[in-house]
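Please look over the sequence and the three-dimensional model below before reading on. The conversation that follows is meant for someone meeting this structure for the first time.

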Amino acid sequence: MSENIVFSSEAMGAPVDTLSYEQARAELDAVVRQLESGQSNLEQSIALWERGEALAKRCEAWLEGARERLAQAQQAQQH
């Protein structure tokens with residue numbers, strides 16, 4: 001039975017590292033709604049959770065990049 005179990009969050013959509021912030025956030029929202037619905041089996045839930053974690057990290061990376069750019073722009077204006 002275990003040979004049929006495949007936990008592949010990549011199979012759920014585009015590779016996370018290619019997504020824009022808006023795309024990652026929208027997909028993360030969909031993942032959360034799907035998990036909260038309780039309609040997924042255990043295998044699907046685990047794959048959704050993994051995908052959600054990857055999407056959340058992608059969003060955080062975009063936000064951190066935006067924070068850095070803002071800080072640089074503010075610093076440049078001060079000089």
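The model is predicted, so local features need pLDDT of at least 70 and side-chain atom pairs count only at pLDDT 80 or more, while totals for chains, interfaces and linings use all residues. Residues are numbered from 1 along each chain as its sequence is written, and side-chain values use heavy atoms, with hydrogens and water left out.

Student: What pLDDT does the chain average?
Tutor: pLDDT is the predictor's confidence in each residue, from 0 to 100. In this chain, 85% of the residues score at least 70. Over residues 1-10 the pLDDT is below 50, and this stretch has 12 contacts in the model beyond near neighbours in sequence, a contact being heavy atoms within 4.5 Å. The average for the chain is a pLDDT of 88.

Student: How many helices and how many strands does the secondary structure of the chain come to?
Tutor: Helices (H or I, at least four residues) and strands (E, at least two) are DSSP runs, numbered from the N terminus. Counted in that way, the secondary structure comes to 2 helices and 0 strands.

Student: What length does helix 2 reach from its first C-alpha to its last?
Tutor: The expected span of a helix is 1.5 Å times one less than its number of residues. Helix 1 has 17 residues and reaches 24 Å, close to the 24 Å expected at 1.5 Å a residue. Helix 2 has 37 residues and an expected span of 54 Å, and its reach from first C-alpha to last is close to that, at 54 Å.

Student: Which residue just after helix 1 takes a positive phi?
Tutor: The positive phi in question is about 75°. The residue that takes it, just after helix 1, is Gly38.

Student: Within what arc do the buried residues of helix 1 fall?
Tutor: Buried means under 20% relative accessible area, with exposed over 50% and partly exposed in between (1.4 Å probe, protein chains only). In helix 1, Ala24, Glu27 and Val31 are buried. Seen down the helix axis, and taking the directions from the axis to the C-beta atoms, these buried residues line one face of helix 1, because they fall within an arc of 70°.

Student: Is Cys59 buried or exposed?
Tutor: Cys59 lies in helix 2. Not counting residues up to four places away in sequence, Cys59 touches Tyr21, Ala24 and Arg25. Its relative accessibility is 7%, and therefore Cys59 counts as buried.

Student: How far apart in space are Arg58 and Ala24, C-alpha to C-alpha?
Tutor: Arg58 lies in helix 2. Leaving out residues up to four places away in sequence, Arg58 touches Val16, Asp17, Thr18, Leu19 and Ala24. Arg58 and Ala24 are 34 residues apart in sequence, yet in space their C-alpha atoms are separated by 6.9 Å.

Student: What relative accessible area does Ala30 have?
Tutor: Ala30 is found in helix 1, and its C-alpha atom is separated by 9.2 Å from that of Gly52, 22 residues apart along the chain. Ala30 is partly exposed, because its relative accessible area is 35%.

Student: What share of the 79 residues in the chain is buried?
Tutor: The chain exposes about 6,000 Å² by the Shrake-Rupley method with a 1.4 Å probe, where for residues only the protein chains shown count as cover. Carbon and sulfur atoms supply 54% of that area. Of the 79 residues, the buried share is 18%.
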